[in-house]
Amino acid sequence: MAYVVTEACIDIQDRSCMEECPVDCIYPGERMMYIHPDECVDCGKCMPACPSEAIHWEHKMPAAQLEFVEANALFVRERGFAGGGEDADPADGDHPLVAQRKPR
């Protein structure tokens, strides 16, 4: 995985990141976006596009956000997401890490 969506995306889902992603590896959950680690090519275009600064490079993650690395990977793999997030319907629900957070 190269880039990771973190807590700042919860209940925001601006989707600017999806528009910038050249490989379409960002998928919508119910309350947050998720980057597919097997599809991300480490281009970094999503990071500056995110107005809430929710996307971080995996190797420079803030310590308080490290649990989102696994959450992104597990969520997209368990849901079977593949082949492009732009056309994907938002998933019902989110990873438990996100679901347990109070709405903004």
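Is Asp11 buried or exposed, or partly exposed? Asp11 is partly exposed, with a relative accessible area of 31%. Here, buried means under 20% relative accessible area, exposed means over 50%, and partly exposed is in between, using a 1.4 Å probe and protein chains only.

Before we go on, keep in mind that this is a predicted model, where local features need pLDDT of at least 70, side-chain atom pairs count only at pLDDT 80 or more, and totals for chains, interfaces and linings use all residues. Residues are numbered from 1 along each chain as its sequence is written, and side-chain values use heavy atoms, with hydrogens and water left out.

Back to Asp11. You'll find Asp11 in the loop between β1 (3-5) and α1 (16-20). Those labels come from DSSP runs, numbered from the N terminus: helices are H or I with at least four residues, and strands are E with at least two. Look at the backbone and you'll see that Asp11 has a positive phi of about 65°, although it isn't a glycine.

Now hop over to Asp42, in the loop between β3 (33-35) and α2 (46-49). Asp42 isn't a glycine, and its phi is positive, near 65°. What about its surface? Asp42 is partly exposed, with a relative accessible area of 39%.

Lys45 is also in the loop between β3 and α2. Lys45 is partly exposed, at a relative accessible area of 45%. Which residues does Lys45 touch, leaving aside its neighbours within four places in sequence? Those contacts are Glu20 and Pro22, where contact means heavy atoms within 4.5 Å. Along the chain, Lys45 and Tyr3 are 42 residues apart, but in space their C-alpha atoms are 9.9 Å apart.

Gln65 gives us a buried example, with 12% relative accessibility. Find Gln65 in the loop between β4 (55-57) and α3 (67-79). Once its neighbours within four places in sequence are set aside, Gln65 is in contact with Thr6 and Glu7. Hold on to Glu7, as we'll meet it again below.

Next, the cysteines. How many disulfides does a search of the whole structure find? The search finds zero, and a disulfide here is a pair of cysteine sulfur atoms within 2.5 Å. Take Cys9: the closest cysteine sulfur to its own belongs to Cys50 and is 6.3 Å away, so that's too far for a bond. Cys50 is in no disulfide either, and its nearest cysteine sulfur, that of Cys17, is 6.2 Å away. Cys9 counts as buried at 7% relative accessibility, and Cys50 counts as buried at 12%.

On to charges. Side chains of opposite charge can pair when their charged atoms come close. The structure holds four salt bridges, each one being a side-chain nitrogen of Lys or Arg within 4 Å of a carboxyl oxygen of Asp or Glu. Let's walk through some of them.

Start with Arg77, which lies in helix α3. Arg77 forms a salt bridge with Asp38, and the closest N and O atoms are 2.9 Å apart. This pair links distant parts of the chain, with Arg77 in helix α3 and Asp38 in the loop between β3 and α2, 39 residues apart. Arg77 counts as partly exposed at 45% relative accessibility, while Asp38 is exposed, with a relative accessible area of 55%. Leaving aside neighbours within four places in sequence, Arg77 is in contact with Pro37 and Asp38.

Now for Arg101, whose side chain meets that of Glu7 in a salt bridge (2.8 Å, N to O). Here too the pair links distant parts of the chain: Arg101 is in the segment after α4 (96-99), Glu7 is in the loop between β1 and α1, and they are 94 residues apart. Arg101 counts as buried at 18% relative accessibility, whereas Glu7 counts as partly exposed at 28%.

The side chains of Arg101 and Glu67 also meet in a salt bridge (3.4 Å, N to O). Glu67 lies in helix α3 and Arg101 in the segment after α4, so this pair ties together parts that are 34 residues apart in sequence. Glu67 counts as partly exposed, at 41% relative accessibility.
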